[in-house]
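Here is a short briefing for someone meeting this structure for the first time. Look at the fold as a whole, then follow the notes by topic.

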Amino acid sequence: MTAPHLKIDNLHVSIEDTEIIKDLSLEIKGGEIHAVMGPNGTGKSTLASALMGHPRYEVTQGSVTFNGKDLLEMEVDERAREGLFLAMQYPSEVSGVTNADFMRTAINAKRGEGNEVQLMKFIRQLDEKMKLLDMDESFSQRYLNEGFSGGEKKRNEILQLLMLEPKIAILDEIDSGLDIDALKIVAKGVNEMRNPEFGALIITHYQRLLNYIKPDKVHVMMQGRIVKSGGPELAERLEAEGYDWIKAELGIEDETVGQK
Ligand SMILES: Nc1ncnc2c1ncn2[C@@H]1O[C@H](COP(=O)(O)OP(=O)(O)OP(=O)(O)O)[C@@H](O)[C@H]1O
Ligand SMILES: [Mg+2]
């Protein structure tokens with residue numbers, strides 16, 4: 001296995017003719033954890049959706065390669081099979097599909113026909129990962145995210161991460177709505193994945209998560225692009241001082257995108 005490599009170059013993304021992502025470049029390699037921070041409405045989730053291939057987000061310029069292949073040419077399921085994973089800010093509820101069935105289907109889709117995971121092995125792994133995340137067994141047989149509390153949905157996204165073992169994961173506000181204990185558990189789940197063959201992009205508003213998941217790089221998004229990058233100390237400064245100093249430094253008045 002080779003280390004994964006996601007390379008985003010001069011990316012521009014529009015939604016219904018409004019440009020949201022404007023000239024964004026970012027590179028993530030195996031073994032690296034990148035955090036993306038930034039005020040509300042600056043394009044963070046749009047970036048995540050565009051990378052995953054959401055049909056409403058149109059890439060108008062730029063390129064994205066994943067392990068040297070053109071990601072933008074791939075269908076959504078191909079992206080997942082290549083090892084890209086997205087934990088969404090607002091996970092959908094799917095009635096009639098149990099959590100366990102959903103995960104087994106996703107794993108098998110990735111492994112391909114004739115190479116399906118053995119049921120017993122799957123159950124054993126699911127058991128083990130649910131224990132690690134301190135999840136009650138009943139969650140495997142509940143319908144996907146249906147009636148899950150906010151924190152339970154987030155924990156379940158991490159369960160999917162651990163079960164699917166992607167090469168690059170994009171985690172959009174995986175810490176929102178978590179109590180302190182759940183935050184530590186979710187961080188434990190992500191840290192469990194840490195190895196040279198795994199990279200992550202963690203979108204968060206709070207430096208607190210980054211106390212538990214140490215990022216290699218921290219990026220700040222404003223106006224649909226990365227306006228500043230640094231190490232973990234950048235997140236600490238943002239926590240203490242907010243975003244005004246960056247806006248002043250760069251002469252930005254309105255940090256949001258879209259409505260202009
Ligand atoms: N499907 C859509 N239709 C219309 N506008 C959209 C759509 N998706 C995103 N936008 C707009 O793009 C801008 C950026 O949204 P995005 O969700 O990427 O922000 P964000 O940085 O993730 O914010 P937050 O921190 O609040 O989650 C917003 O003005 C939003 O309204
Ligand atoms: Mg968002």
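**Briefing**

Strands β4 (residues 57–66) and β5 are antiparallel partners, joined by 2 bridges. Strands here are DSSP runs of type E with at least two residues, helices are runs of H or I with at least four, and both are numbered from the N terminus. Two strands pair if DSSP finds at least two bridges between them.

This is a predicted model, in which local features need pLDDT of at least 70, side-chain atom pairs count only at pLDDT 80 or more, and totals for chains, interfaces and linings use all residues. Residues are numbered from 1 along each chain as its sequence is written, while chains are lettered from A and ligands numbered from 1 in the order in which they are written.

**Overall form**

- The chain has 9 helices and 10 strands.
- Its radius of gyration, taken over C-alpha atoms, is 18 Å, close to the 18 Å that the globule rule gives for 260 residues, so the chain is as compact as a globular protein of that length. The rule is 2.2 Å times the number of residues to the power 0.38.
- Along the principal axes, the C-alpha atoms fill a box of roughly 60 × 40 × 35 Å.
- Of the 260 residues, 36% count as buried. A residue is buried if 20 or more other C-beta atoms lie within 10 Å of its own, exposed if 12 or fewer, and partly exposed in between; the C-beta atoms are placed from the backbone.
- Among contacts with a separation of 6 or more, 73% join residues 24 or more positions apart. Two residues are in contact if their C-beta atoms, placed from the backbone, lie within 7 Å.

**Annotation**

- An unreviewed UniProt entry carries the annotation "domain: ABC transporter" for residues 6–248. UniProt positions are given in the numbering used here, feature names are shortened, and annotations may be inferred rather than shown by experiment.
- Residues 6–248 are 38% helix and 27% strand, and the end C-alpha atoms of this stretch are 31 Å apart.

**The four-strand sheet**

- This open sheet has 4 strands in the order β2-β1-β4-β5, with antiparallel pairing.
- The edges are β2 (18–29) and β5 (69–70); each has a single partner strand, so one side of each is left without a neighbour in the sheet.
- Phe66 stands opposite Lys69 in β5.

**The six-strand sheet**

- A further open sheet has 6 strands, ordered β6-β7-β8-β3-β9-β10, and its pairing is mixed.
- Its edge strands, β6 (84–87) and β10 (225–230), each pair on one side only.
- From one strand to the next, the twist averages 20°. Angles run from 0 to 180 degrees between N-to-C directions, and axes are lines fitted to C-alpha atoms, for helices over the stretch in contact.
- β3 (residues 33–37) pairs in the parallel sense with β8 (residues 199–203) over 4 bridges. Ala35 faces Ile202 in β8.
- β3 also pairs with β9 in the parallel sense, over 4 bridges. His34 stands opposite Lys217 in β9.
- In β9 (residues 217–222), 5 of the 6 residues are buried, so this strand is largely enclosed by the rest of the structure.
- β9 and β10 run antiparallel, joined by 5 bridges. They form a hairpin with 2 residues between them, and Gln223 in the turn has a positive phi of about 50°.

**The nonpolar core**

- The largest nonpolar core has 60 residues. Such a core is a set of buried Ala, Val, Leu, Ile, Met, Phe, Trp, Tyr and Cys residues joined through C-beta atoms within 7 Å.
- Helix α6 (residues 180–193) gives the largest share of this core, 6 residues.
- Ala200 is among the residues with the most contacts inside the core. Beyond its neighbours within four places in sequence, Ala200 is in contact with Ile33, Ile168, Ala169, Leu171 and Val190.

- Helix α1 (residues 44–52) has 7 of its 9 residues buried, so it is largely enclosed by the rest of the structure. Gly53 follows α1 and has a positive phi, near 95°.
- Glu78 lies in helix α2 (residues 76–82). With 14 C-beta neighbours inside 10 Å, Glu78 is partly exposed.
- Ser140 sits in the loop between α4 (119–132) and α5 (150–164). Ser140 is partly exposed, with 18 other C-beta atoms within 10 Å.
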